[in-house]
Amino acid sequence: MDVSLPVWILTGVVIVGLIVFDFFAHVRTPHEPTFRESAWWSAVYIALAVVFGIGVGIAAGWDLGTEYFAGYVTEKSLSVDNLFVFLIIMTRFAVPRAYQQKVLLVGVAIALVLRTVFILVGAAAIEQWSWVFYVFGAYLVYTGWSLARDHATEPDENAGNGLLVRWVRRALPTTDQYHGDRLSVRVDGRRVLTPMLLVMVAIGSTDILFALDSIPAIYGLTEEPYIVFTANAFALLGLRQLYFLIGGLLERLVYLSQGLAVILGFIGIKLVLHALHTNEVAFINGGEHVEWAPEIPIWLSLTVILGTLAVATVASLVKTRRDDKTPVLTD
């Protein structure tokens, strides 16, 4: 896929423009969005992503268009799972609901910057070393296994208290009191940081860990950096609205992590098979391609991703509904 520099620049300007529009139209004046507002704008951002994918299919061919949609659905699904962690961080910092929009939008902006760096690094690594697919594939299989195994435990209540946040607390003066949505204030003549800045640091630094999963995952579906970037960007856009829209449903999606574990494991296996099919590593099959290793077509990948998400969602809703009807026994 040959994407010219003007197209890259135009795409970046549009993405930044949407974030700026989101800030001035919805976030600048603190308020808790209504369900109707969240639903409407979530639908708008999803529609934009779909229209863009159709445009890719028409302009560059439907093989690339399908790769975009597979990547978008995967990144959007991983973003929904990340909302669990965002919810924990918001609760930990006791962020007032009216100010959570600003935190999330800044988190989206930080995530876009960090993921762009990871995308460029990943593209350069793939271009130089074909064995990177082995590393990506093994990492995704391990991540999927860990996600399926560890989700049986309670969520990490220490989320949002990472090394960077602890360093900021120690190195810079902070206050535990919110002062509207301001990031810093003067207290007794001294400039101090508010919890608003700390929670933004927490969400931004947490996204580094999320990128370690999401970028290898989408490179397992497409090797086109432009598709990787746009699928990530459109998956992140609208995440703020989605947070408020499905906030009450997050606790009901009890099997979402298991579904994502299956998806990550599948993509990991796909990457390993691709690496074997194009093998150039000397100690594997003498550096020759492994003929029996199949290439999994993108349509099959998209089918597995959508099917797994559908099963996980239905199973989650059935379980939570059944649990709601089960009487609680008391002594």
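Student: How many helices and strands does the chain have?
Tutor: The chain has 11 helices and two strands. Both are DSSP runs numbered from the N terminus, helices being H or I with at least four residues and strands E with at least two. This is a predicted model, in which local features need pLDDT of at least 70 and side-chain atom pairs count only at pLDDT 80 or more, while totals for chains, interfaces and linings use all residues. Residues are numbered from 1 along each chain as its sequence is written, and side-chain values use heavy atoms, leaving out hydrogens and water.

Student: In what order do the elements run?
Tutor: From the N terminus, the order is α-α-α-α-α-α-β-β-α-α-α-α-α.

Student: What share of the residues count as buried?
Tutor: Of the 331 residues, 47% count as buried. Buried means under 20% relative accessible area, exposed over 50%, and partly exposed in between, with a 1.4 Å probe and protein chains only.

Student: And the accessible surface, what does that come to?
Tutor: About 16,900 Å², with 66% of that belonging to carbon and sulfur atoms. The areas come from the Shrake-Rupley method with a 1.4 Å probe, and for residues only the protein chains shown count as cover.

Student: OK, the strands. In what sense do β1 and β2 pair?
Tutor: Strand β1 (residues 184–187) and strand β2 (residues 190–193) pair in the antiparallel sense over four bridges. Pairing requires that DSSP finds at least two bridges between the strands.

Student: How many residues are between β1 and β2?
Tutor: Two, and the strands form a hairpin. D188 in the turn has a positive phi of about 55 degrees. Most residues other than glycine have a negative phi.

Student: Which residue elsewhere has a positive phi although it is not a glycine?
Tutor: A94 has one, of about 50 degrees. A94 is found in the loop between α3 (62–92) and α4.

Student: Is A94 buried or exposed?
Tutor: A94 is exposed, because its relative accessible area is 53%.

Student: Switching to helix packing. At what angle do α2 and α8 pack?
Tutor: Helix α2 (residues 35–60) and helix α8 (residues 225–236) pack at about 160 degrees, with their axes 10 Å apart. That makes the two roughly antiparallel. Axes are lines fitted to C-alpha atoms, for helices over the stretch in contact, and angles run from 0 to 180 degrees between N-to-C directions. Angles under 35 degrees count as roughly parallel, over 145 as roughly antiparallel, 65 to 115 as roughly perpendicular and the rest as oblique.

Student: Which residues of α2 and α8 meet?
Tutor: L48, A49 and F52 in α2 meet Y226, T230 and F234 in α8. Contact here means heavy atoms within 4.5 Å.

Student: Is the crossing of α2 and α8 left-handed or right-handed?
Tutor: The crossing of α2 and α8 is left-handed, whereas the crossing of α4 and α8 is right-handed. A crossing is left-handed if the near helix is turned anticlockwise from the far one by less than a right angle, and right-handed if clockwise.

Student: What are the angle and axis distance for α4 and α8?
Tutor: About 165 degrees, with the axes 10 Å apart. These helices are therefore roughly antiparallel. Among the residues making the contact are L112, R115 and I119 of α4 and F229, N232 and L236 of α8.

Student: And where E75 lies, is that a helix or a loop?
Tutor: E75 lies in helix α3. E75 counts as buried because its relative accessibility is 0%.

Student: Which residues does E75 touch?
Tutor: Not counting residues up to four places away in sequence, E75 touches R115, S214, I218, A231, N232 and A235.

Student: Last one, T308. Where is that, and which residues does T308 touch?
Tutor: T308 is in helix α11 (residues 298–325). T308 touches G259, V262 and I263, not counting residues up to four places away in sequence. T308 counts as buried, at 15% relative accessibility.
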